[in-house]
Structures are given as C-alpha cells and as structure tokens.
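The sequence and structure follow.

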Amino acid sequence: MDKLIIFCKHSVETLTYFSRQTAQAFASWGFEIFWMDMNMAGLSAWKLRQKMQGREAVLITFNFIGLSGEEELWELDDDGMPQTSIWEKLDILCLNIMVDHPLYYYKALKHPVPGMRMFCIDRDHASYLKRFYPDIPCGFLPLAGNLPETGISGQSIQTVSFDQWQQRPYPVVFTANYVSSARIEQQFQALEPEYRDFYYEILESFIQNPGQELLSGIEIYLRRGMPELDDAGLCEALSTMAAVDLWIRTYFREKTVRMLAEGGIRVYAAGRNWDKMPCSCPQNLVSSGKMLDSQACVRVTAQGKIALNTMPWFKDGAHDRIFTAMLHSTAVLTDDSRYLREQFQDMEELVYYDLKHLEELPDRVRELLREPQRLFETACRGRDAAAEFHTWAHRAEELRRYL
C-alpha cells in the first residue's frame, strides 16, 4: 500500500516493543513501515523527507514521543521555543497513544500538534481529556498482550498441554520493577506541614477506598481548599499531583507482593530492586534484582502458572501484563477495573483479588495451586479470550480505521 506508517524507536524500551508489535500487523497488511530512530532523530527526519516524496503518511506513537518539542523535529521561534513540527510541515496525521494518566502531560496537551488524535488506555483518562481538553479528538484504546518477536503478531500464540503447564518452574510470577514508597514519601516530608498533611489526607483516602479513580479522589480535596477553581485552574493543579499517583500505585504494589511473600507464597519477581524490599520472609521473594526488557518479561511470564498483576491505578482500563499472561496460558491474578469486569469473569478467564482485603490473598493463591486442573482451565479460557480480542494486531486494526 502507498501509505507510509511511521513508528518511533529507541526512546522508551517498553513503548518501542509495543510499537514493534503493532508495526508487525501493519506490515502484514502490506503497509510500508518507517522507523524514526530517536537516537538519531535529525538523520531520521532527513530520511523521512526523502521517503515521503508526496506520499501520505501516518505517525503512530506513544506518550508524545516525537511530539514533545524534540529539537531535531521542530522549527524554533525567535525565543528558541518549538513552533512548527516536521509532522505539520509534511502534513502527517499523528495518532498518539497515551499509556499514563493525562496529568503527566499537562504541557504537551496544552500545546498539542495540530490535527493530533489521542487514544487513552483507560476510559477515565479519555473522560479527563474530553473534560479538560475538549478540542483534542480522543478515543479509548486499551493496552494489549505482548508476544515473542517471532513472525507476524498473532501467529506465535501457542497452546500448551496440562503436563507442560504443570512443569512450569514459577508458581507465581510478577513482572515489574520495585520502587520504594518510602523513597517517594521523601518528597512529602520536604513540604511545609500544612501541605504535607494535605497530601497525607489524600493518600489515606485512597488507601481506605482503593476503588476511587484518580481525578475524583483528588478533586474533592483540591476544591475543598480552593472552591473558586475553574476547570482550567483545576487541570493545572492536578498536573502537580503526579506524586500522589506514583505513591498510591507503589504502596499497593509493594504491599501486595509483601503480603504474598510473608504469607508463605514464593513470588518470582522479575524486575529491578526487589532484593531491596523490606520483607520478613525474604526466602519467599525470588529475584535477581536486575532490570528486564520486554522480551525477557514475556519469557518469564510464559514460565509461570500464575501471573500476579497490580493495576497502575487504571480503574476503567487494563494493563498489558494481564493480556500478555493470558496469551501465554498463564492464569492471571489481578485487582479489578470496570473495563476488566465487562471483559472477564472471576474464575472464568482470570482471577480477581480485592485491594481492601489483601490479607486474604495468600490463602487464595494456595487454594488456586491446590486445584491445578481448574487453574489451568482458567488460564486456557483466558488465552482464548485474549487471542480473539486483545493482541496488538487487534489494536492495530482499530487504528487502521483512522488512516
């Protein structure tokens, strides 16, 4: 096909992996793929101009990569500020998938590339954009499962027998890095007592009611202190609250893994710094403590019977850990969201746990492992559901509508 599809690489490893998975689908449909190398953005921009030669092109990117005022991709105004991008110059449609909460991208959203279309991985995030940035077209596009990079996305989904599944070495696997909530808390300790108490009150409300989504959970406290806030002021104030999101997701991630390990469950934590987590039963927390790339995380997930997931505070979306585990016949154990409840039933395609009752989690895992045949059947139903609806090829098909 004559239309050129542009992806970015060498910026964020995980997002490059998502891009490669998505690009495989477009390549299988006959589209030509162009890779913008963010380590050599200037050279890539020159090559793109040569490649275009009057052709139509579409950029598919994540988290504003290539759209954030990168020096080699923008013309500057007299004050040295980014003014006109290569995408505008070449009339390239930009499809931008935002995998974090919009409050992290206040500046980028306030000055968007003309004609950019946004996609959010959580419907609450999409509602946030529609409220605070109504002029930016926005849709919902959930994350998808990662596959080994062999062939076209969707062709490498493998079935396993019960005997093969039984031989997997990891009863429970978790693919994520460890970040200490105490480290984030240092930011709060540096504040004046009045502000510190304000943040702690918000954090305590999320601990007591973990079902809250981020905007409503914070807005009530901001408006209590500043009732005159209009939406523009509220949006700017929310952009300063990223530490709340980081702390609360980190708090529950750490507590969930610690609860399992100290409850007698061996957890194979694939990621950086888990060897530094305080734990009274460190023998149950198995980790190299090293950073793993996405491909390695896929391999580890495929060696587990149960894949643990803790949501990064997506209350109406899903994490790619869930779909990746499903595609590899690994039973998913996760906290829930409205979107997940619409897609999957407990003990049918996956298993849910409750953040308000984490003390019950070790016994729940023991029960699951005591009935391996039932757990395997749940994993297989999850695999079939993800293979039918939740690969990057499926997400690419949705993006294709905008070409």
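How exposed is tryptophan 29 in terms of relative accessible area? Tryptophan 29 is partly exposed, at a relative accessible area of 23%, where buried means under 20%, exposed over 50% and partly exposed in between, with a 1.4 Å probe and protein chains only. The model is predicted, so local features need pLDDT of at least 70 and side-chain atom pairs count only at pLDDT 80 or more, whereas totals for chains, interfaces and linings use all residues. Residues are numbered from 1 along each chain as its sequence is written, and side-chain values use heavy atoms, with hydrogens and water left out.

**Aromatic contacts**

The search of the whole structure finds 25 aromatic pairs. In one of them, the rings of phenylalanine 26 and tryptophan 29 have centres 5.3 Å apart and planes at 80 degrees, so this pair is edge-to-face. Rings of Phe, Tyr and Trp (its six-membered ring) pair if their centres lie within 6.5 Å; planes under 30 degrees apart count as stacked, over 60 as edge-to-face and the rest as tilted. Phenylalanine 26 counts as buried because its relative accessibility is 0%. Both residues belong to an aromatic cluster formed by Phe7, Phe26, Trp29, Phe31 and Trp35.

Charged groups also sit over rings. Arginine 123 lies over the face of phenylalanine 140, at 5.4 Å from the ring centre. The charged end of arginine 395 sits over the ring of phenylalanine 323, 5.8 Å from its centre. The criterion is that NZ of Lys or CZ of Arg is within 6 Å of the ring centre and within 35 degrees of the ring normal.

**Positive phi angles**

Phenylalanine 64 is not a glycine, yet has a positive phi of about 65 degrees. Its place is in the loop between β3 (57-62) and β4 (74-76), and its relative accessibility of 2% makes it buried. Aspartate 91, likewise a residue other than glycine, has a positive phi near 55 degrees. Aspartate 91 is in the loop between α3 (86-89) and β6 (93-98) and counts as exposed, at 69% relative accessibility. Helices (H or I, at least four residues) and strands (E, at least two) are DSSP runs, numbered from the N terminus.

**Pocket and cavities**

Rolling a probe the size of a water molecule over the atoms shows where empty space is left. On a 1 Å grid over the protein atoms alone, a cavity is a set of points where a 1.4 Å probe fits but cannot get out, and a pocket is an open set with protein on both sides within 12 Å along at least five of seven lines; lining residues have an atom within 4 Å of a point. Grid points are joined across faces, edges and corners, and a volume is the space filled by probe spheres set on the points.

The search finds 3 cavities of 30 Å³ or more.

| Space | Volume | Lining by class |
|---|---|---|
| Largest pocket | about 1200 Å³ | 25 nonpolar, 12 polar, 9 charged residues |
| Largest cavity | about 50 Å³ | 6 nonpolar, 4 polar, 1 charged residues |

Ala, Val, Leu, Ile, Met, Phe, Trp, Tyr, Cys and Pro count as nonpolar, Asp, Glu, Lys and Arg as charged, and the others, Gly among them, as polar.

Of the 46 residues lining the largest pocket, Thr14, Asn177, Arg253, His319 and Arg321 lie nearest its centre. Elements that each supply at least two residues of this lining include α1 (13-28), β9 (170-175) and α11 (242-262). For the largest cavity, β1 (4-9), α1 and β3 each supply at least two lining residues; among the lining residues are Cys8, Lys9, Leu15 and Phe62.
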